[in-house]
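Morning, everyone. Let me put the model on the screen, and then we will go through ring pairs and charge pairs.

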Amino acid sequence: MSFGTAHVSYPNCDRTVCCDCLSSVLQGLSGPRVQLLATRPLSLSVGLCGPEAPPARADATFKVTMVPGDGVGPELMTAVKDVFKAGDVPVEFEEFHLSEVQNMASEEKLEQVLTSMKTNKMCICTCIFSFFLLLTLPCPFPRRKLDLFANVVHVNSLPGYSTRHNNLDLVIIREQTEGEYSSLEHESVTGVIECLKIITRVKSRRIAKFAFDYATKKGRSKVTAVHKANIMKLGDGLFLQCCAEVAQLYPKIKYETIIIDNCCMQLVQNPYQFDVLVMPNLYGNIIDNLAAGLVGGAGVVPGESYSAEYAVFETGARHPFAQAVGRNIANPTAMLLSAANMLRHLNLEYHSQMVSDAVKKVIKQGKVRTGDLGGYASSDEFTRAVIANLAV
């Protein structure tokens, strides 16, 4: 079989590939696998050797479940959709509105959302505060149903925006399917409420392994387990024991422990000492918000939640910011950066980089900033500035 006479030149390389030469070499070799290779069509991609070549664009369109949620969530999602449209991002949203204000919170609606998420394997959402959901369903209902056990918040200083602590780069990993948010409460006698905190060996080891795997994959050097085992000796003691057991499997990663109250103080005084922090549910909720405040607030920190099958992208600090509804003042940064992380998870590296670079460029320029960052721009003005900086 002949591949035809064709020469393919590669940018940034000093060589030209001749398909006839490759064919001759392969045909001259022996062995069934080599002969099979020689009879297959040859496909050569231009630019394989070019380190400066841009990431490839996707040929397919991805479906993603979108849940705008409550508060300013719908406004933030509008910003995401506008930026994606301007950047020609190959994502199609299946949008579901869950809001008690609009009388859209029901168990049937939740099941529709879950069905969509199970089909698409991917979701982007904001915070949902619903009195109906609080009364009738466990609060972390979607997370429990999809087993979204790991919440990851990457706290990273934004270039060009100065805070008390600059150049921060730490990761908070939180177990979010048990702990204090197990929704197991009852009134034992009149006026006495018992709220159960559930800690299991299986889930503690799972989140610990996730944290160490994350540190290994991302080139991190230290994992710190946050606890209150000095008081809750059995519950947090079990969590701490599981983390220590898993740490022994990762000798190249330094392992430390710290009590939650001391951790809060150390984060404010010297956050640079931390790299990856892993903790149970409630502590993670507190630390997420505290750390977000170190780099600019809830409006600038993205977050994501993972299970073995699904991924949900959201803001790192879960605030509906209800007092800003309809005022066009919410900061879309966190939601846009979370959307960029979602694109990276979909292997849409080109579009992910394009969106995140545009957001960071607008903030670094300092001309268009929302009120939470000391500026006077509206949400729409910030979104338009991001669109103007897209390298389409």
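Is F212 buried or exposed? F212 is buried, at a relative accessible area of 1%. For that word, buried means under 20% relative accessible area, exposed means over 50%, and partly exposed is in between, with a 1.4 Å probe and protein chains only.

Some ground rules. This is a predicted model, so local features need pLDDT of at least 70 and side-chain atom pairs count only at pLDDT 80 or more, while totals for chains, interfaces and linings use all residues. Residues are numbered from 1 along each chain as its sequence is written, and side-chain values use heavy atoms, with hydrogens and water left out.

Rings next. A pair of aromatic rings is described by the distance of the centres and the angle of the planes. Here is the rule: rings of Phe, Tyr and Trp (its six-membered ring) pair if their centres lie within 6.5 Å; planes under 30 degrees apart are stacked, over 60 edge-to-face, and the rest tilted. The structure holds 6 such aromatic pairs.

One of them is F149 with F210. This pair is edge-to-face, with 5.8 Å centre to centre and 85 degrees between the planes. F149 sits in the loop between helix 6 (141-146) and strand 6 (150-156), and F210 sits in helix 7 (residues 201-217), so the pair ties together parts that are 61 residues apart in sequence. Helices (H or I, at least four residues) and strands (E, at least two) are DSSP runs, numbered from the N terminus.

F212 is in helix 7 and Y255 in strand 11 (residues 254-259), so parts 43 residues apart in sequence are tied together. F212 is buried, whereas Y255 is partly exposed, at 24% relative accessible area.

There is also a cluster. Ring pairs link F149, F210, Y306 and F313.

Which charged end sits over the ring of F149? That of R206, 4.0 Å from the ring centre. The test is NZ of Lys or CZ of Arg within 6 Å of the ring centre and within 35 degrees of the ring normal.

Side chains of opposite charge can pair when their charged atoms come close. The cut-off is a side-chain nitrogen of Lys or Arg within 4 Å of a carboxyl oxygen of Asp or Glu. By this rule there are 16 salt bridges.

R206 meets D147 in one of them, at 2.7 Å, N to O. D147 is in the loop between helix 6 and strand 6 and R206 is in helix 7, so the bridge ties together parts that are 59 residues apart in sequence. R206 is partly exposed at 25%, and D147 is partly exposed at 29%.

Next, K63 and E94. Their closest N and O atoms are 3.7 Å apart. K63 lies in strand 3 (residues 62-67) and E94 in strand 4 (residues 91-95), so the pair ties together parts that are 31 residues apart in sequence. K63 is partly exposed, at 42% relative accessibility. E94 is partly exposed, at 25%.

Last pair: E256 and K254, at 3.3 Å, N to O. Finally, a network: salt bridges that share partners join D169, R220 and D275.
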